[in-house]
Amino acid sequence: MEQNSEFIEAIRLINGPDGSSFFETGKIPVLKPINTTSFWISNKTEEWEKSEHTAPRKQFVVTLKGKIRFKVSDGSAFIIEPGIILLAEDVEGKGHSWEIEEGEKWERIYIPVADHGESLFIPDLKKYFNCFN
């Protein structure tokens, strides 16, 4: 992804029409207000997080420490590390799973998007245009 100081790299987890989980790369603009409800910090892993699960709500997950490998329904995977924002929107269906790739703990901030709020996520359209070349 091309670096631009007006955006921060992001990956979005979303549901396909059949309820499967997949991801797309993109970006989020900086210094644009996003309507959120609250936030909390975590460095623990709950039992339900250790297996495939859906996002409990539409939320940003900001990694402070750790390198995490996420896996979606079709088996494809991606890495989240500090500097990449995760937008979890796969709130239905089969969900996703994750495991720590590097480090002993995953330190992160959860920031739920307000009901009917916009995330401002902009998908990376280059991958779609490459399909036609």
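**Pocket, salt bridges and surface of a predicted model**

The largest pocket is lined by 21 residues. Trp48, Glu49, Pro56, Gln59 and Tyr110 lie nearest its centre. The structure described here is a predicted model. The space in the largest pocket comes to about 240 Å³. Strand 7 supplies the largest share, with four residues.

The C-alpha atom of Trp98 is separated by 14 Å from that of Arg12. Along the chain, Trp98 and Arg12 are 86 residues apart.

Salt bridges were examined next. Side chains of opposite charge can pair when their charged atoms come close. A search of the whole structure finds five salt bridges. One of them joins Glu24 to Arg12, with the closest N and O atoms 2.3 Å apart. Glu24 belongs to strand 2 and Arg12 to strand 1 (residues 7-15). The two residues are twelve residues apart, and the pair links distant parts of the chain. Both Glu24 and Arg12 are buried.

Arg12 has a further partner. A salt bridge also connects Arg12 with Glu89, and here the closest N and O atoms are 3.7 Å apart. Arg12 lies in strand 1, whereas Glu89 lies in the loop between strand 6 and strand 7. The pair therefore ties together parts that are 77 residues apart in sequence. Glu89 is buried, as is Arg12. These contacts belong to a network of salt bridges that links Arg12, Glu24, Lys58 and Glu89.

Another salt bridge is formed by the side chains of Glu102 and Lys67, at 3.6 Å from N to O. Glu102 is in strand 7 and Lys67 is in strand 4. They are 35 residues apart, and this pair too links distant parts of the chain. Glu102 has a relative accessibility of 46%. Lys67 has a relative accessible area of 23%.

Asn15 counts as partly exposed because its relative accessibility is 22%. Asn15 and Val91 are 76 residues apart along the chain. Their C-alpha atoms are separated by 7.5 Å.

The surface carries a nonpolar patch. Phe39, Ile41 and Leu64 form this patch, with about 330 Å² of accessible area together. Phe39 sits in the loop between strand 2 (21-29) and strand 3 (40-42). The relative accessible area of Phe39 is 54%. Exposed means over 50%, so Phe39 counts as exposed.

Backbone angles were considered last. Most residues other than glycine have a negative phi. His116 is not a glycine, yet it has a positive phi of about 65 degrees. This histidine is in the loop between strand 7 and strand 8 (122-123). His116 is exposed because its relative accessible area is 84%, and exposed means over 50%. Leu120 also has a positive phi, near 65 degrees, in a residue other than glycine. Leu120 is found in the loop between strand 7 and strand 8. With a relative accessible area of 27%, Leu120 is partly exposed.

Note on methods
Residues numbered from 1 in each chain as written. Predicted model: local features only at pLDDT ≥ 70, side-chain atom pairs only at ≥ 80, totals over all residues. Heavy atoms only, no water. Patch = residues over 30% accessible without salt bridge, like charges linked within 9 Å, V, L, I, M, F, W, Y side chains within 5 Å. Areas by Shrake-Rupley, 256 points an atom, 1.4 Å probe, with all protein chains shown as cover. Salt bridge = Lys/Arg side-chain N within 4 Å of Asp/Glu carboxyl O. Buried < 20%, exposed > 50% of the residue type's maximum accessible area, 1.4 Å probe, protein only. 1 Å grid on protein atoms, 1.4 Å probe; cavity = no way out; pocket = protein on both sides within 12 Å on 5 of 7 lines; lining within 4 Å. Points joined across faces, edges and corners; volume = space filled by probe spheres on them.
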